[in-house]
Amino acid sequence: MNGDRCILVLGGAGLVGSQIVREIARVLEPARIIVASLYRGEVREFLHDARREFCNVEFIGAWGDVFVRDEFMGENRRRLLQTRARRDTLYQDLFGGLEAAYEAAGLAQLIHQYKPNVIVDCINTATAISYQDIETLSKQAHDLLGQLNQIVDHQDLEALPVIGRDLEQNISALLISQSLPQLIRHVQIIHRAMSDSGTRLYLKVGTTGTGGMGLNIPYTHSEDRPSFKLMSKTAVAFAHTGLMFLMARTPNGPLVKELKPGAMIGYRRVAYKTVKQRGRPLFRYQSQAQPLGDRLLVRGDENTYERLDKLHMAGVDTGENGFFARGEFETITHTDQMEFITPEEIAEQAVLEIKGSNTGYDVIAGIDSSILNPSYRAGVLRQAALDKLARIEEETESHSVALGQLGPPELSKLLYEAHLLKLNYGSLQRVLETPPAEIARTLYDFIQREENLRTTITSIGLPILTPDGDCLLRGPRLNIPESIYREVEVDAARVDAWAVKGWVDLRPSNFRLWHDRFERMLRTKHMLHTRGTSSVTVKTYLPETIEIGAVVAWIFNNEDGGYRIK
């Protein structure tokens, strides 16, 4: 903890974030605090006060939307969605390759720039992602598709370009506004950035979405209830918790903690002020009488109403939750309603968690201590199941290796390659005694003779690449390459990548890789007699023979880092 000289607070100028920044500066006294929030004005206003209050800490401000690429961080999301080229870019950042999205991500660049020891994330991620109004976009898409069907039915070709343009804009906006893809990509990027930058701790101040209330919550953010938006917010909030649970169980990453306030958070100040909506002032208009007829205009033209003055009211500023009038505040904080918790109380617990104290409020630790873990009984039954499978294989003269349903395709590829080595050589040592080129020829001749094994492999979508690399033995479909199209272009680099990812590769170059693996496995043998129980680690391979499941598990443990943290 004493090494935490640089702390990044995301949402640091908000209601909760600003109090956490103050508590960190007061208690921990780091050398530097980076305060990042959406708007430049709120960051500068907060830092003006913070620098005078804590002269011994260097404060740095950063602003912009951390959920988009660096070049879009200062842009309003609505403006981004108005341009086709930008919508296409947002789509690629969301559904394209992770590598390109990571390099462009504004959040990743922020973390790389400052390399913080600790990140405290006070952004209301669930609101930011779920309140992009999927419900409205979906209804609009449905209506536009209905209009398109009418145009097609009536062959009204003149109206087609207009509806086509509107439909393209709506569908593309709908695709990039989906909550889960955005959340998943956000978690992938922030976890990788923290791992690359050596961040020690990631502390999230999350949300229950309903202020601790249930499905019976009588409050929303101005929409009618039951609120699709509010339920989406809760769903995203707990999906985020689940993904952070995975982050916490990923090797070589930061410690991950989450605090989840279960009440309304308030308040920043009590004031008489101009009421604003989406940053713009609301006005009072002279009311008009309107007879009720067959149709009702929901959104009228403001210019047809006499504007009086700006709407002012006494109320409570609760930061991101909004500005509440006395009646609203009195109702929501009443006993047995949502009630409320202060940002100072949250900040106190956040700093205790940063210091390493066990507050009892870390949701990730709570989940981790509550899940059912692997059992001794299951371990005993595992061997019984494996023994029975081996007997059935022998009796039926079949091969129970892989079906491709466990995934990824690399798993099936590795299992079948290990199986071929086992059938022809039996032990790691015999494989190492055989040159890779000879192994390639032997296994190719073997697979040509073994029709049942060969056709099983190729029928589950796993092709076999011949030793010369010029021919595939295959069935009607291929799992790799993954493509929505019937055909893809082929070149040497693509073949190499596909072979690694999901082809049974009989080229000598692949068996040189297997040689290297088996040498590393055998090097762990000497530890079994010198280190006692500590000799059995993820690096240890115990059997003398090639046991295909144990071999592939060793590869996942040692080459992919895909092991379970105890």
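## Q19 in helix α1

Q19 counts as buried in this predicted model, because its relative accessibility of 19% falls under the 20% cut-off. The residue sits in helix α1, which covers residues 15–27. Setting aside neighbours within four places in sequence, Q19 makes contact with P343, E344 and A347.

## Nonpolar cores

Let's turn to the cores. The largest nonpolar core is built from 47 residues, and L8, L10, I111 and Y202 have the most contacts inside it. L10 is a handy place to start looking: not counting residues up to four places away in sequence, L10 touches A36, L107, L110, I119, V120, D121, C122, I123 and I190.

## The cavity

Where might one look for empty space? Rolling a probe the size of a water molecule over the atoms shows where such space is left. Here, the structure holds one cavity of 30 Å³ or more, and the volume of the largest cavity is about 300 Å³.

Which residues lie nearest the centre of the largest cavity? They are F67, V68, D93, L94 and R185, out of 17 residues in the lining. The largest share, four residues, comes from α10. By residue class, the lining of the largest cavity divides into 11 nonpolar, two polar and four charged residues.

Notes: Residues are numbered from 1 along each chain as its sequence is written. This is a predicted model: local features need pLDDT of at least 70, side-chain atom pairs count only at pLDDT 80 or more; totals for chains, interfaces and linings use all residues. Side-chain values use heavy atoms; hydrogens and water are left out. A nonpolar core is a set of buried Ala, Val, Leu, Ile, Met, Phe, Trp, Tyr and Cys residues joined through side-chain atoms within 4.5 Å. Buried means under 20% relative accessible area, exposed over 50%, partly exposed in between (1.4 Å probe, protein chains only). Contact means heavy atoms within 4.5 Å. On a 1 Å grid over the protein atoms alone, a cavity is a set of points where a 1.4 Å probe fits but cannot get out, and a pocket is an open set with protein on both sides within 12 Å along at least five of seven lines; lining residues have an atom within 4 Å of a point. Grid points are joined across faces, edges and corners, and a volume is the space filled by probe spheres set on the points. Helices (H or I, at least four residues) and strands (E, at least two) are DSSP runs, numbered from the N terminus. Ala, Val, Leu, Ile, Met, Phe, Trp, Tyr, Cys and Pro count as nonpolar, Asp, Glu, Lys and Arg as charged, and the others, Gly among them, as polar.
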